[in-house]
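Q: I have a protein model to read and would like to learn how its features are described. Could we go through it together, one idea at a time?

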Amino acid sequence: MSDAGLAFSAVDHGHMARALQLAERARFSARPNPVVGCVIAHGPAVVGEGFHIRAGGPHAEVHALRMAGERARGATAYVTLEPCAHYGRTPPCALALIQAGVARVVCAVGDPFDQVAGGGFELLRQAGIVVEVGLMAAAARELNIGFFTRIEQGRPFVRIKLAASLDGRTALADGASQWITGPQARADVQHWRARAGAVLTGAGTVLADDPRLDVRLEPGIEVATGLRVVLDAGLRSLARANVRSGCTPTLYLHAPQAAVPAGDWGSAQFAPVAVAADGRLELAAVLAALAARGINEVHVEAGAQLCGALVAADLYDELLLYQAPTLLGDAARPLLAGLAIEAMAQQRRLQLCEALMVGQDLRLRLRPRS
């Protein structure tokens with residue numbers, strides 16, 4: 001929902017840019033909730049600001065109102081996402097703004113969640129508050145791209161992480177791949193894991209590499225507990241224990257007929273998923289199951305088969321490709337498998353969203369062209 005034709009001032013833009021900046025601070029800690037920032041101001045003078053830090057805690061508007069106190073009366077509140085209108089783990093933020101006496105609310109974008117979806121704006125307008133929507137909407141949607149994807153499409157936003165040589169190879173013919181990229185790139189990957197609700201891999205990768213797939217960031221950074229997900233139709237990778245190490249829970253998605261072997265699997269969880277005609281797990285069903293668990297973003301670190309299958313099925317939203325200045329030769333393993341492209345008309349064109357040097361490696365973020 002947006003108000004077409006509204007003319008926002010330079011002051012409005014400045015305050016909303018600050019609200020977006022505040023929201024970004026909770027990138028690792030707010031999930032599964034969306035990240036939200038709020039600034040309360042009288043003209044150019046800021047009297048309160050805040051952001052939603054973690055699920056179950058006060059929302060951005062509440063933090064900003066507490067800081068503003070009585071100075072919130074007659075002020076403008078700049079919010080990156082529509083104030084909630086329902087009672088969840090916290091009371092409605094729309095009511096908090098009304099009770100504080102703000103005169104105007106400028107919001108970047110509406111909330112598609114069915115318990116809000118315009119209800120917050122309606123409450124504010126019924127109370128006589130001026131509501132204007134659409135300022136920096138594209139940036140606000142991008143900030144919560146996973147949340148919007150889950151609510152609007154019924155599946156998480158899927159980001160596939162890849163690391164390749166200049167000749168597009170990910171491992172030697174025998175599977176050796178440590179390390180193609182440098183230490184800076186490997187550290188950078190941890191931040192992408194931290195922002196995702198789930199890190200997903202396949203049984204083949206677990207059997208070959210025995211990865212931990214946990215989040216390892218600098219001390220002091222708050223990260224909400226995520227989920228490691230292993231796609232393993234026959235539960236053949238259970239002997240590899242690294243993916244169950246530490247305190248991050250691990251979910252095994254398996255075929256309905258696969259029986260969980262007796263034994264102590266610690267905090268591991270198991271759930272059946274429909275199987276496709278080729279005997280592999282149905283990927284659309286996998287993503288629907290993760291969306292049902294409140295997962296907004298999925299970070300995929302897997303082999304060429306699973307990554308290729310997601311791309312072939314158009315069940316991905318972004319490629320995160322680290323390209324190393326090295327060559328592995330034509331006998332090495334390819335970046336993606338199973339695309340079956342036989343003519344130039346079948347090529348899959350991508351849009352380059354970002355190119356950044358990370359140490360000696362080039363990090364590319366690419367999305368499918370609409």
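A: A residue is called buried under 20% relative accessible area, exposed over 50%, and partly exposed in between, with a 1.4 Å probe and protein chains only. This is a predicted model, in which local features need pLDDT of at least 70, side-chain atom pairs count only at pLDDT 80 or more, and totals for chains, interfaces and linings use all residues. Residues are numbered from 1 along each chain as its sequence is written, and side-chain values use heavy atoms, with hydrogens and water left out.

Q: Is Ala 163 buried or exposed?

A: Ala 163 is buried, because its relative accessible area is 18%. Ala 163 belongs to strand β6, residues 157–164 (strands are DSSP runs of E, at least two residues, and helices are runs of H or I, at least four, numbered from the N terminus).

Q: Which residues is Ala 163 in contact with, leaving aside its neighbours within four places in sequence?

A: Contact means heavy atoms within 4.5 Å, and with those neighbours left aside, Ala 163 touches Arg 169, Thr 170, Ile 180, Thr 181, Leu 321 and Tyr 322.

Q: Where does Gly 303 lie?

A: Gly 303 sits in the loop between β12 (297–300) and α10 (304–312), and Gly 303 is partly exposed, with a relative accessible area of 31%.

Q: What is the relative accessible area of Thr 80?

A: For Thr 80 the value is 2%, so Thr 80 is buried, and this residue lies in the loop between β3 (76–79) and α3 (93–100).
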